[in-house]
Amino acid sequence: MKPRVLVTKRIYPSAVEYLRQHVDAEYHESDDGYGAEQLLEHLTGKQAVVSQLTDKFSADVIAALPDLKVISNVAVGYDNIDIAAATQRRIVVTNTPDVLTDTTADFAFTLLMATARRLVEADKYLRVGKWTQWRIDLLTGHDIHHATLGILGMGRIGQTLARRARGFEMRAIYSDVQRAAPELERELQLEYLPFDSVLEQSDFISVHVPLLAATRHLLGAEQFARMKKNAILINTSRGPVVDEAALADALAAGEIAGAGLDVFEREPQVEPRLLDMDNVVLAPHIASASVDTRTKMCVMAAENCVTALAGTRPPNLVNTAVFE
Ligand code: GLV
C-alpha cells in the first residue's frame, strides 16, 4: 500500500504529479489552508504532509498525529513547526533551501532600491495626475551606490545579497552569531562587526536571520534608536524578527528614514500606521515568488517527502538528529 500524504494547500502541478506517481496523495487544491481542527481531521491516518508556512505544527498538533512520519515544508523557513516536538517523535522535517536563495536576494535588493528611490510613491504620484512639471527636488531619495549595507545574518541569502551589493560598489558590513570564512569575507569584501556597530554604521540594514527565540524582536526601539537617521530597513526574513509597533514609532519619529518590508508580525495583518507611510514599501511575503523558484520549491518538497517516506535521509533534512 502506498503511504498516505496530505498536501494542505495549492502547489504547482508538477509537484502534485510527482507525488501522485509515488504516494497516495490527498490534495487540497485551494489557496485557503485548513484551520487547526480541519488540519487535524485531514491529517489523521496520513504518514506525511506537504505543508506551507501558514500550517502550524505545534507540539499539541504533533502529539495528536501518531501516524505522522514526515513534515515536508514548502519553504526555507520552518518556524511554523515545533522542531523539538517533531524530533522527539522522530518525525522527519524538511525544507526547501538553495532554490530560492537568488530570487529572495533579488527581492531584498528590489525592496532596497524601491524604498531608497521612492519608486512606489513616484508611480502613485504620476498615476493620480500630480506630475505637472520637472522639478529639481521632485521625489529625491537616497543613493544606493557607495552606501553602507548592513547585513544581519550571513547565511545563503545574506551572502547572495552581498554579491548584489558589490555591483553597486557598496560597503558591506555584517553581523552574525558565527563569523564567515575568511575566503568568503575576502571574496565579497565583507567586514564583520559587532551587532550594534552594524546598526550604527549602516545606510541600509537587511535582515537575513531565521526566526528563533533568540531573534524574536531582534530589532526594537533600542536598536532603531541606534540607527542612522537616513537608515532604511529591509526585511525579507520573518516578521517577528522586527518589533513592528516599534518600527512604526521609529519611522513616525524620524529616527530612521524608511523601510521595505515583505514579512510582518501577524500576517496577513500589517501594523496600520505603516500602511499610511509613503517612506515604507510593503509586499505580501513574495520574496521567493518567481514562477521558476516557486515551482522548484514545490518539486523539492515533493521529492523530500517521497525520499523520507522511503526511509532514506532526504537531502534537505532539518532535524538531522532523526537520522543519527
Ligand atoms: C518563505 O518565506 C520561505 O521561508 O521560504
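Student: How much space lies in the largest cavity?
Tutor: This is a predicted model. The structure holds one cavity of 30 Å³ or more. The space in the largest cavity comes to about 30 Å³.

Student: Which residues line the largest cavity, and how do they divide by class?
Tutor: The lining consists of Asn235, Gly239, Val242, Glu244, Leu247, Leu261 and Val263. Gly counts as polar here. The division for the largest cavity is four nonpolar, two polar and one charged.

Student: Where does the second largest pocket lie relative to domain 1 and domain 2?
Tutor: Domain 1 covers 4-99 + 291-323, and domain 2 covers 101-282. Both give residues to the lining of the second largest pocket. The pocket therefore lies between domain 1 and domain 2.

Student: Now the ligand. Which residues surround the ligand?
Tutor: Arg238 and His285 are among them.

Student: How far from an oxygen atom of the ligand is a polar side-chain atom of histidine 285?
Tutor: Valine 76 has a backbone N or O atom 2.8 Å from a ligand oxygen. Glycine 77 also places a backbone N or O atom 2.8 Å from an oxygen of the ligand. For the polar side-chain atom of histidine 285, the distance to a ligand oxygen is 2.6 Å.

Student: How many disulfides does a search of the whole structure find?
Tutor: A disulfide needs two cysteine sulfur atoms within 2.5 Å. For cysteine 298, the nearest cysteine sulfur belongs to cysteine 305 and is 13 Å away. Cysteine 305 in turn has the sulfur of cysteine 298 as its nearest, 13 Å away. The search finds zero disulfides.

Student: Is cysteine 298 buried or exposed, and what of cysteine 305?
Tutor: Buried means under 20% relative accessible area. Cysteine 298 has 5% relative accessibility, so cysteine 298 counts as buried. Cysteine 305 is at 0%, so cysteine 305 also counts as buried.

Notes
Residues are numbered from 1 along each chain as its sequence is written. This is a predicted model: local features need pLDDT of at least 70, side-chain atom pairs count only at pLDDT 80 or more; totals for chains, interfaces and linings use all residues. Side-chain values use heavy atoms; hydrogens and water are left out. Buried means under 20% relative accessible area, exposed over 50%, partly exposed in between (1.4 Å probe, protein chains only). Domain bounds come from an automatic or database domain assignment. A residue is near a molecule or strand if one of its heavy atoms lies within 4 Å of it. A polar contact is a pair of N or O atoms within 3.5 Å; within protein, one must be able to donate a hydrogen and the other to accept it, and residues adjacent in sequence count only if both atoms are side-chain atoms. On a 1 Å grid over the protein atoms alone, a cavity is a set of points where a 1.4 Å probe fits but cannot get out, and a pocket is an open set with protein on both sides within 12 Å along at least five of seven lines; lining residues have an atom within 4 Å of a point. Grid points are joined across faces, edges and corners, and a volume is the space filled by probe spheres set on the points.
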